[in-house]
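This briefing goes through a two-chain model, taking the chains in turn and then the contact between them. Please keep the sequence and the coordinates at hand while reading.

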Amino acid sequence: MSTLMAEMAAKAFHLGVPFTAQLDITYRCNERCVHCYLDHDDHGEMTTAEIKDVLKQLADAGVFVLVISGGEIMMRKDIFEIIECARELMFCVKLKTNAMLIGEREAERLRELAVDSVQVSIYSHRPEVHDGITKVQGSLKRSLTAIRFLKSKGLNVKMANVLMTKNAKDHAGVRALAAEIGVEAMLDPTVTPMMDGDRSILSLNVDENALRQVFRDPTLVKNVEAMCAPPPKVDEEALDTRPCSAGNSSCYVSPYGDVYPCVQFPLPSGNVRRQRFIDIWNHSEQLNEVRSIRVRDLPSCSACSNVTTCTRCPGLAYMEGNMRGPSTQDCEKSYARTGIVSVNLQNKRAAAPGLVQIQMQPAFASVATA
Amino acid sequence: MSQKLYVAQNKRVAARILGDEMMVMSGQDSTLFNLNPVAAVIWNAADGLTPLDEIVASRVCAEFDIEPDEALRDAEAFARELAGHGILLISEEPIPRASASQEPR
């Protein structure tokens, strides 16, 4: 993020303006990624007219950065009509896609519409691994072909990878592939629970050792020393900060019109089919509760020495059961970076049952004491 | 300025008002600019059909305490600078709306 962009985002945060919004226009998808947090059935997506109305409302509310995502956005036949409307409203439009349905003609149209960036999911440089994750044979080849089309049209393309057990050794290969094509590569080390609360996919998360290696890899982290440094002491100023931009200067709108603080924070806060977006933004009880939370209000985290550099996600905490509670996945990441065990992890360890004692049968006991 | 100068918003940019500032992002290279209130007035009035001197006389000098000659000089310099970044389009002829989408160079 540029310095001025960061300044503007900070100003929006201070003013309570929704600077960034993610609008998922469908949950339907032509891939079935093993780590995906969505239900891909269509439960009544917003129509083109409804989406255009939402876009107008988001623009009026002050949204500048609009992330259009899904599901797979190209599954909607009106995708270009939606993007065209968004660009007429002068949003900075960022797209997230698997790009499988983007050919040369679609890439050219995206260039004409001057979208800011196109983020394409690539999980491995090896077809057997990427296609194994997406469960679609040939998906890597199709996504890479699309990336080359997009790049050839001069679009800003980013490869987005999610680190998981199935591709833990492949992130360097993805980066090499991105460098070869001339696009940026990003790596997200977190698999999140499904939006319906199902946590089974968390088993795909990599272990502590893999996380530790990622945070210490100078090809991934610009300043390893700073990334892994012990956190600064907690002071009053740190305790008075709001923990995240979710609900403060950013929000999420689902294909069904539900408004949440963030895509990773599925706290129902209103629905644009029944209310004006600005009324939800200004008056939603749920969003106002999120905004009222300061770091000092987090019972476990405010006492944790990792708090000043922890990437605690309030949405993951909410999905763990308490939006003021810790996000254990972020505790684990903090531990991998700083080596300091969080208060939450200490409490979990203390509460864990002791080792099961093996009671010897009398016959064996006599042998053991012999 | 001997010739009339027309200015139009390049429709390839992203733009939004945040508080008292106008943010404009170049469609060429995603560079972000924030415009001061005077520049924002010119940006908002840049319809491609109203000459810059009229914008300065009717909008800028009406809203701000600025000498007309100095304001016009500054406005022209500002318009040419933003045109260099692909934010504004400038022409000695009126710019129809359909043309206000300059491709990246």
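In what follows, axes are lines fitted to C-alpha atoms, for helices over the stretch in contact, and angles run from 0 to 180 degrees between N-to-C directions. The model is a predicted one, and every value below is computed from it.

**Helix packing in chain A**

- The residues that meet in this pair are T48(A), I51(A), K52(A) and L55(A) on the side of helix 2 of chain A, and E81(A), I82(A), C85(A) and A86(A) on the side of helix 3 of chain A.
- The crossing of helix 2 of chain A and helix 3 of chain A is right-handed.

**Overall form of chain A**

- The secondary structure of chain A consists of 16 helices and eight strands.
- Chain A has a radius of gyration of 23 Å, which is close to the 21 Å that the globule rule gives for 370 residues, so chain A is as compact as a globular protein of that length.
- Taken along its principal axes, the C-alpha trace of chain A spans about 85 × 50 × 40 Å.

**Overall form of chain B**

- Chain B contains three helices and six strands, and from the N terminus on its elements follow the order β-β-β-β-α-β-α-α-β.
- For chain B the radius of gyration is 13 Å, close to the 13 Å that the globule rule gives for 105 residues, so chain B is as compact as a globular protein of that length.
- The C-alpha atoms of chain B fill a box of roughly 35 × 35 × 20 Å along the principal axes.

**The sheet of chain B**

- Three strands of chain B form an open sheet in the order 5-1-6, and their pairing is antiparallel.
- Strand 5 (47-51) and strand 6 (88-91) of chain B are the edge strands, each of which pairs on one side only, and the twist averages 25 degrees from one strand to the next.
- Strand 1 (residues 6-9) of chain B runs antiparallel to strand 6 of chain B and is joined to it by four bridges; V7(B) has I90(B), in strand 6 of chain B, as its bridge partner.
- Helix 3 (residues 68-84) of chain B packs on this sheet, where it touches strand 1 and strand 6 of chain B, and its direction makes about 120 degrees with that of strand 6 of chain B.

**Helix packing in chain B**

- Helix 1 (residues 37-45) of chain B packs against helix 2 (residues 52-63) of chain B at an angle of about 145 degrees, with their axes 10 Å apart, and the crossing of these two helices is right-handed.
- Helix 1 of chain B makes the contact through V38(B), V41(B), I42(B) and A45(B), while helix 2 of chain B makes it through I55(B), R59(B), V60(B) and E63(B).
- The residues of this contact between helix 1 and helix 2 of chain B divide into six nonpolar, no polar and two charged.

**Where the chains meet**

- Between the two chains, 17 residues of chain A are in contact with 14 residues of chain B.
- On the side of chain A that touches chain B, helix 1 (residues 3-15) of chain A gives the most, with six residues.
- That side of chain A is made up of eleven nonpolar, four polar and two charged residues.

Technical notes: Residues are numbered from 1 along each chain as its sequence is written. Chains are lettered from A and ligands numbered from 1 in the order in which they are written. This is a predicted model: local features need pLDDT of at least 70, side-chain atom pairs count only at pLDDT 80 or more; totals for chains, interfaces and linings use all residues. A crossing is left-handed if the near helix is turned anticlockwise from the far one by less than a right angle, and right-handed if clockwise. Two residues are in contact if their C-beta atoms, placed from the backbone, lie within 7 Å. Two strands pair if DSSP finds at least two bridges between them. Ala, Val, Leu, Ile, Met, Phe, Trp, Tyr, Cys and Pro count as nonpolar, Asp, Glu, Lys and Arg as charged, and the others, Gly among them, as polar. The radius of gyration is taken over C-alpha atoms; the globule rule is 2.2 Å times the number of residues to the power 0.38.
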